Amino acid sequence: MLRTGITPDKLCPPPLWVDELGTTDRRKDEFLATVCHELRGPLAAIQNAFRLLSSENAETAARQRAQVLMERQIRQMTQLVEDLEDVSRIRYGGLHLRRERLDLRVVVGNAVETLESDIKRRDHQLTTELPDAPLWVHADPLRLEQVFVNLLSNASKYTDTGGELTVRAHRRDAMAVVRIRDSGIGIAPETLPHIFDLFNQADTRDPRSRSGLGIGLALVRNFVALHGGSVSATSEGIGKGSEFVVQLPRED
Ligand code: ADP
């Protein structure tokens, strides 16, 4: 089947499935291109570092830098592959939670600790407000930490240097509530309803958006739902910051 405006001699024959692609598949195509791009960066960096390590003339300090760089890039690629595995596990029902009684304050604290170096590097002012008493939930510690790491990492990633981040946990009726607010780039009203969709990137003109895969928030929504909770996003608009609110059933 030919598409209007394109003459046959200018076309390489398209793969058979091209004309059957719908919006979702087109997004998947873009997504695959982004995955390649995301893997190419760390691979090139690892390759350079490896060359340096193989060279007999390299100085000790340069070798150490190369090792640190390789480790960081390998961690980044591992995270990417794990996120992709989670997407497919969720899709095909292979994700099993290992739930236990947890104090949500500890989980949130661990997530903050994980992001500490990013927050410092970007000179963000972080305010953390946690209740004095434990906030018990019945949850998988790793998955729940992943939820808050993803939200907090986005809050930092999409906020300019020197901006403000707030993490607040409190109880409301039978729920434990965690609010992650930032003073960053904000989200357009028309984008908000789709922000948790898989492969969604709100503003592809923003280079920070382009650097991600649009998986993080989809994982957040699914992990929270698997725990019987919900997550929502609000923003007063572009440039006005955002707030993500996670609600989980409390276990007393
Ligand atoms: P990504 O890897 O692209 O960051 P996410 O699923 O985590 O993927 O986020 C999807 C999109 O939502 C991002 O590309 C970004 O445009 C937007 N977004 C997420 N968190 C925020 C935030 N705190 N402030 C502004 N935009 C955000």
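**Exercise 1. In which hand of crossing does α3 pass α4?** Work out the geometry of this pair, keeping in mind that the model is predicted.

*Solution.* 
- Start with how the pair is described: two packed helices are characterised by the angle between their axes and the distance between those axes.
- Helix α3 covers residues 104-121, and α4 spans 141-157. Their axes come within 9 Å and cross at roughly 40°.
- Now classify the angle. Angles under 35 degrees would count as roughly parallel, and 65 to 115 as roughly perpendicular; α3 and α4 are therefore oblique to each other.
- Finally, the hand: α3 passes α4 in a right-handed crossing.

**Exercise 2. Which residues of α3 meet which residues of α4?** Sort the contact by class as well.

*Solution.* 
- On the α3 side, pick out L104, V107, V108, N110, A111, V112, T114, L115, D118 and I119.
- Their partners in α4 are P141, L144, E145, F148, V149, L152, S153 and S156.
- Sorting this contact by class gives 12 nonpolar, 4 polar and 2 charged residues.
- For the spacing, recall that an α-helix has 3.6 residues a turn, so residues three or four places apart point the same way.

**Exercise 3. At what angle do α2 and α6 pack?** Describe the crossing and its contacts.

*Solution.* 
- Find α2 at residues 60-91 and α6 at residues 216-226; the angle is about 50°, and the axes lie 11 Å apart.
- That angle makes α2 oblique to α6.
- Here α2 passes α6 in a left-handed crossing.
- From α2, the residues D83, D86, V87 and I90 meet L219, N222 and F223 of α6.
- By class, that contact has 4 nonpolar, 1 polar and 2 charged residues.

**Exercise 4. Which residues of α6 are buried, and what do they pack against?**

*Solution.* 
- Use the cut-off for buried, under 20% relative accessible area. In α6, L217, A218, L219, V220, F223 and V224 qualify.

Notes
Residues are numbered from 1 along each chain as its sequence is written. This is a predicted model: local features need pLDDT of at least 70, side-chain atom pairs count only at pLDDT 80 or more; totals for chains, interfaces and linings use all residues. Side-chain values use heavy atoms; hydrogens and water are left out. Axes are lines fitted to C-alpha atoms, for helices over the stretch in contact, and angles run from 0 to 180 degrees between N-to-C directions. Helices (H or I, at least four residues) and strands (E, at least two) are DSSP runs, numbered from the N terminus. Angles under 35 degrees count as roughly parallel, over 145 as roughly antiparallel, 65 to 115 as roughly perpendicular and the rest as oblique. A crossing is left-handed if the near helix is turned anticlockwise from the far one by less than a right angle, and right-handed if clockwise. Contact means heavy atoms within 4.5 Å. Ala, Val, Leu, Ile, Met, Phe, Trp, Tyr, Cys and Pro count as nonpolar, Asp, Glu, Lys and Arg as charged, and the others, Gly among them, as polar. Buried means under 20% relative accessible area, exposed over 50%, partly exposed in between (1.4 Å probe, protein chains only).
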